[in-house]
Amino acid sequence: MNMLSHSFDDYNAHVEHLVRHFPLDVAMCKAIGCPDLEQFRITGDGQVAVLKHHGLKDGMSVYDLGCGSGRTAQALYRSGWKGHYRGADIIQKLVEYLNGQCPGYGAVVNRSLSIVAPDDSLDLVFHWASSLTCSSRNPTSSCRTRSGR
Ligand SMILES: C[S@@+](CC[C@H](N)C(=O)[O-])C[C@H]1O[C@@H](n2cnc3c(N)ncnc32)[C@H](O)[C@@H]1O
């Protein structure tokens, strides 16, 4: 078993456990390391403020790498931001929850070490997490943003 599938199996089992033992909204907070709904919301709003500070504008195409249950996506949605949102995560339950909470946003399950978007299709790629379950020995294929960064 390689490192990625080991991490995936453990995390997926953790999410399944939370879903069995908590109301769905609470399980989806805890699944990404947030203690409760209030913190989920406050932190998401803070994430959006940071993105705006770093240039997020209406009309942009953004990619949320490791989108989880949509803490950032839901905050973007609440904020009234108008743009094209794409998220990707390795855990299907989290992706399904995000898509249910944010109609019109598109999150997908992606377990490959790649960004699932064509070159020059994105304005901003962001990732909010303490760690990513990918091996530094396996090169991640890249996706060039419109600005070339
Ligand atoms: C701490 S959570 C943060 C979720 C979200 N970014 C947020 O701020 O609420 C980290 C997320 O990264 C996801 N993740 C971990 N490894 C990943 C990978 N290789 N590709 C995509 N997502 C990954 C996990 O499933 C988890 O949902």
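Biologist: Asp120 lies in the loop between S3 and strand S4 (124–126). Why does Asp120 count as partly exposed?

Modeller: The model is a predicted one, in which local features need pLDDT of at least 70 and side-chain atom pairs count only at pLDDT 80 or more, while totals for chains, interfaces and linings use all residues. Residues are numbered from 1 along each chain as its sequence is written. A residue is buried if 20 or more other C-beta atoms, placed from the backbone, lie within 10 Å of its own, exposed if 12 or fewer do, and partly exposed in between. Asp120 has 13 C-beta neighbours inside 10 Å, and therefore counts as partly exposed. The backbone of Asp120 also has a positive phi of about 65°, although this residue is not a glycine.

Biologist: How do you know that Tyr97 is buried?

Modeller: Around Tyr97 there are 23 other C-beta atoms within 10 Å, so this residue is buried. Tyr97 has its place in helix H5. Contact requires the C-beta atoms of two residues, placed from the backbone, to lie within 7 Å. Leaving aside residues up to four places away in sequence, Tyr97 touches Met28, Ser69 and Gly70. Between Tyr97 and Ser69 the C-alpha to C-alpha distance is 5.9 Å, with 28 residues separating them in sequence.

Biologist: What makes H5 a helix in this account, and which of its residues are buried?

Modeller: Helices (H or I, at least four residues) and strands (E, at least two) are DSSP runs, numbered from the N terminus. H5 covers residues 92–101, and its buried residues are Leu94, Val95, Tyr97 and Leu98. Seen down the axis of H5, these residues fall within an arc of 160°, so they line one face of the helix. That arc is taken over the directions from the helix axis to the C-beta atoms. Overall, the protein chain has five helices and four strands, in the order α-α-α-β-α-β-α-β-β from the N terminus on.

Biologist: How do you know that S2 pairs with S1 and with S3?

Modeller: Two strands pair if DSSP finds at least two bridges between them. Strand S1 (residues 61–65) and S2 have five bridges, in the parallel sense. S2 and strand S3 (residues 106–109) are likewise parallel, over four bridges. Ala88 in S2 stands opposite Leu65, and its bridge partner in S3 is Val108. As for cover, five of the six residues of S2 are buried.

Biologist: What do the buried residues of H4 pack against, and what makes Ser79 partly exposed?

Modeller: Arg71, Thr72, Ala73, Gln74, Ala75 and Leu76 are the buried residues of H4, and they pack against helix H3 (37–53), S1, S2 and H5. Ser79 is also in helix H4, but it counts as partly exposed because it has 15 C-beta neighbours inside 10 Å. The C-alpha atoms of Ser79 and Val48 are separated by 8.2 Å, and these residues are 31 apart along the chain. Just after H4, Gly80 takes a positive phi of about 85°.
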